[in-house]
Amino acid sequence: MADEKRGRGDRVILVHGLARTRLMFRPMARALRKHGFRPVLYGFPSRRLTARQAVDRFRIFVEDLPAPEEPVHFVG
């Protein structure tokens, strides 16, 4: 579901849209890593989930992030 490289910068959650995959954000994740951020490639089966299911799954993912006191940025 998620791919994160350990680092010291702020975490950036990259969330794809409908009919896409988290792989579309690989180039952006590389660029973010180069600039000191910790990108997280969040993926979900957008064609198989209802909107409500997708939101619920993402909410659980965010609530379960380690170190919730650290800054988190979202890109979608």
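Visitor: How many aromatic pairs does this chain have, and what counts as one?

Guide: The count comes to 5 aromatic pairs. The rule takes rings of Phe, Tyr and Trp (its six-membered ring) whose centres lie within 6.5 Å, and calls planes under 30 degrees apart stacked, over 60 edge-to-face and the rest tilted. One of the pairs is Phe58 with Phe74, an edge-to-face case at 6.0 Å centre to centre and 70° between the planes. Phe58 sits in helix α2 and Phe74 in strand β3 (residues 72-75), so to speak two distant parts of the chain linked across 16 residues. Before you go further, keep in mind that this is a predicted model, where local features need pLDDT of at least 70 and side-chain atom pairs count only at pLDDT 80 or more, while totals for chains, interfaces and linings use all residues. Residues are numbered from 1 along each chain as its sequence is written, and side-chain values use heavy atoms, with hydrogens and water left out.

Visitor: Which residues do the ring pairs link into a cluster?

Guide: Tyr42, Phe44, Phe58, Phe61 and Phe74 are the members.

Visitor: Are Phe58 and Phe74 buried, exposed or partly exposed?

Guide: Go by relative accessible area: under 20% is buried, over 50% exposed, and partly exposed lies in between (1.4 Å probe, protein chains only). Phe58 has 23%, so it counts as partly exposed. Phe74 has 47%, so it is partly exposed as well.

Visitor: How do β1 and β2 run relative to each other, parallel or antiparallel?

Guide: Strands pair if DSSP finds at least two bridges between them. Here 5 bridges join β1 to β2, and the two run parallel. If you want a place to start looking, Arg11 stands opposite Arg38 in β2.

Visitor: And how many residues of β2 are buried?

Guide: 5 of its 5 residues, so β2 is largely enclosed by the rest of the structure. Arg38, Val40 and Tyr42 lie on one side and Pro39 and Leu41 on the other, with both faces covered. β1 is mostly covered too, with 5 of its 5 residues buried. Arg11, Ile13 and Val15 point one way from β1, and Val12 and Leu14 the other way. Over the whole chain, buried residues make up 30% of the 76.

Visitor: Which residues make up the largest nonpolar core?

Guide: In soluble globular proteins, nonpolar side chains tend to be buried together. A core here is a set of buried Ala, Val, Leu, Ile, Met, Phe, Trp, Tyr and Cys residues joined through side-chain atoms within 4.5 Å. The largest has 9 residues: Ile13, Val15, Val40, Tyr42, Phe44, Leu49, Ala54, Phe61 and Leu65. β1 (11-15), β2 (38-42) and α2 (51-63) are the elements that give two or more residues to this core. There's a second, separate core of 6 residues, with Val12, Leu14, Ala29 and Leu41 among them.

Visitor: What does Ile13 contact beyond its sequence neighbours?

Guide: Contact means heavy atoms within 4.5 Å. Leaving aside neighbours within four places in sequence, the partners of Ile13 include Val40, Tyr42, Phe58, Phe61 and Phe74.

Visitor: Where is Ala29, and what does it touch?

Guide: Ala29 is found in helix α1 (residues 26-34). At a relative accessible area of 2%, Ala29 is buried. Not counting residues up to four places away in sequence, Ala29 touches Leu14, Pro39 and Leu41.

Terms used:
Helices (H or I, at least four residues) and strands (E, at least two) are DSSP runs, numbered from the N terminus.
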